[in-house]
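Reader: I have a model open on my screen. Show me how to read its features, please.

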Amino acid sequence: MMKDFLNRDKFLKTLESVNIWDIVIIGGGATGLGIALDSASRGYKTLLLEQSDFSKATSSRSTKLVHGGIRYLAQGNIKLVYEALKERGYLLKNAPHLVRKQKFVIPIFSWKMGIWYWTGLKLYEWLSGSLSFGKSKFLSKNEIIKCFPEIKTNKLKGGILYYDGQFDDARLAINLAQTCVKQGGFLLNYFQVKNLIKKEGNKISGVIAYDFETKREYSIYSKIVINATGVFSNSILKMDKSESSISIKPSQGTHIVLDKYFFNSTDSIVIPKTSDGRILFCVPWYDHVLVGTTDTFLEKSVLEPIPLEEEINFILENFNKYFIINPKKSDILSAFSGLRPLFVPKNYFTNKTKDISRSHQLIISHSGLISIIGGKWTTYRKMAEDTVNKAIEIGKFHVKPSITKNLKIYGSNCSYELHNNLYWKKYGEDEYHIKKLIKKNPLLGTTLISSNKISSYFCTEAEVIWMVRYEMARTIEDVLARRLRLLFLNAKKAIDIAPKVAALMAKELSFDEKWQKSQVDAFKKLAMQYYYPVI
């Protein structure tokens, strides 16, 4: 069992023993992890390098939807929707412990718009073909009120129910990393690419990378280098050629998280018309409600984007237009932002990032560097397949077909009975192993959150131990933001339990009290950016 888990020390030893890799991937978000898995599963010698933690940036900050994109359908982007709906079906099949079917309702306030939505959703359903998640249907006004008692009924005519998918983005990222390792791949977090190595003819032959933990620099040779750094793609392109850059518009998407008191349905609702023409989702997530998102153009990309005051106002104002119980800023449990790396073609002019296509683009530099830009979580597998196909062509590798359409993601192979608890279900087969730790040492079953208002959100000591040992968690943030997800659900609770998590991690990693204090201080500073209003 243990050989299949993420083990940083083992990966470092392998790094020192391999003379040349087939493919080195820069970036450990959804795109990079998908490429690493596709490459490794085809049998190519694969290494992924991530400067922070896996899915640290955009890939942990989505609306938690696996979907075709009804908004893209309205824009006429049928190809993207069709592709995404197919990929949605593969994800449900390959990661059923993390991806599930979810009911969505669009309330109707005008019959004219109702016919428009009905036609679009029937097309959406038809495009999904045999991978359909369920049939859309019309709901009466009374049925809508029964589903959503908090909804304002003025001018409400009824609604349309349709099906899409929901998932835990950062947990899927960890499972993709684990699957990659099972397929023979290698991954290192906190490993920053500082420069590119070139040979005769100005062709890229590897990277120079720095390990933040050991403070050591490595020259890593590879036949192909892939730039999968999303909004930071230009920083890698400039290493290739100082004046080189592509047009990427970083678009910020902000979400807020509220107590389920404000929205206590198990179904999701789509607010069809907001003040900027976007749609807004209200999605139940781990006993809370996630509301978002925005689409705000930013001038530059940052690793830790901060929600803007106008974005928070926009979300609350549009939520309050549709629901009776109106949350205030002080009711927000967590607010977070992610940046979309939108590729803008030459001579394309728009002031609205929502109008820019979410389709992915492959950019091939003269040096042989492959950069992949754009795309979305749902289509990560297809993006990876396209990228590795291009790597095979450029690297003149022996052609091996992609197998990821039918490749089960780690965690989905549950040979024992899973109870229908979403908290534990997200661990898939690892639920058994975590509970085995508790059985061996009952003290590890202690919950980290005292006087727990988050009744169905446990956070046990055993999970922290597991994440450090087998999921390459290196910091408090890794645990509380991306593995336990608590920072995204309730920033104050995350701050409260940070010292307990630090103590558990320090003991497991053999770090001292100085490390604990610096970790707690750094995490509190970060978490205050999620705790709204920001102090």
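Author: Start with cavities. On a 1 Å grid over the protein atoms alone, a cavity is a set of points where a 1.4 Å probe fits but cannot get out, and lining residues have an atom within 4 Å of a point. Grid points are joined across faces, edges and corners, and a volume is the space filled by probe spheres set on the points. This is a predicted model: local features need pLDDT of at least 70, side-chain atom pairs count only at pLDDT 80 or more, and totals for chains, interfaces and linings use all residues. Residues are numbered from 1 along each chain as its sequence is written, and side-chain values use heavy atoms, with hydrogens and water left out.

Reader: How does the lining of the largest cavity divide by class?

Author: Ala, Val, Leu, Ile, Met, Phe, Trp, Tyr, Cys and Pro count as nonpolar, Asp, Glu, Lys and Arg as charged, and the others, Gly among them, as polar. The lining of the largest cavity has 6 nonpolar, 3 polar and 2 charged residues.

Reader: What is the volume of the second largest cavity?

Author: About 60 Å³. Among its lining residues are Arg88, Glu125, Phe133, Gly134 and Tyr162. α5 (111-128) and β6 (158-166) each give two or more residues to this lining. The largest share, 4 residues, comes from α5. By class, the lining of the second largest cavity holds 5 nonpolar, 4 polar and 2 charged residues.

Reader: Next, accessibility. Is Ser52 buried or exposed?

Author: Buried means under 20% relative accessible area, exposed over 50%, and partly exposed in between (1.4 Å probe, protein chains only). Ser52 counts as buried because its relative accessibility is 9%. Ser52 sits in the loop between β2 (46-49) and β3 (65-66). Contact means heavy atoms within 4.5 Å. Setting aside neighbours within four places in sequence, Ser52 is in contact with Asn189 and Tyr190.

Reader: And why does Lys199 count as exposed?

Author: Because its relative accessibility is 52%. Lys199 lies in the loop between β8 (191-198) and β9 (204-211).

Reader: Now the cores. Which residues touch the most other members of the largest nonpolar core?

Author: A nonpolar core is a set of buried Ala, Val, Leu, Ile, Met, Phe, Trp, Tyr and Cys residues joined through side-chain atoms within 4.5 Å. The largest has 65 residues, and Leu49 and Ile220 touch the most other members. Helix α7 (residues 169-182) supplies the largest share of this core, 7 residues. Another core lies apart from it, with 52 residues, including Val257 and Leu480.

Reader: Last one: at what angle do the axes of helix α14 and helix α17 cross?

Author: Axes are lines fitted to C-alpha atoms, for helices over the stretch in contact, and angles run from 0 to 180 degrees between N-to-C directions. The axes of α14 (residues 476-483) and α17 (residues 513-527) cross at roughly 40 degrees and come within 9 Å. Ile476, Glu477 and Leu480 of α14 make the contact with Gln519, Val520, Phe523 and Leu526 of α17.

Definitions and conventions. 1 Å grid on protein atoms, 1.4 Å probe; cavity = no way out; pocket = protein on both sides within 12 Å on 5 of 7 lines; lining within 4 Å.
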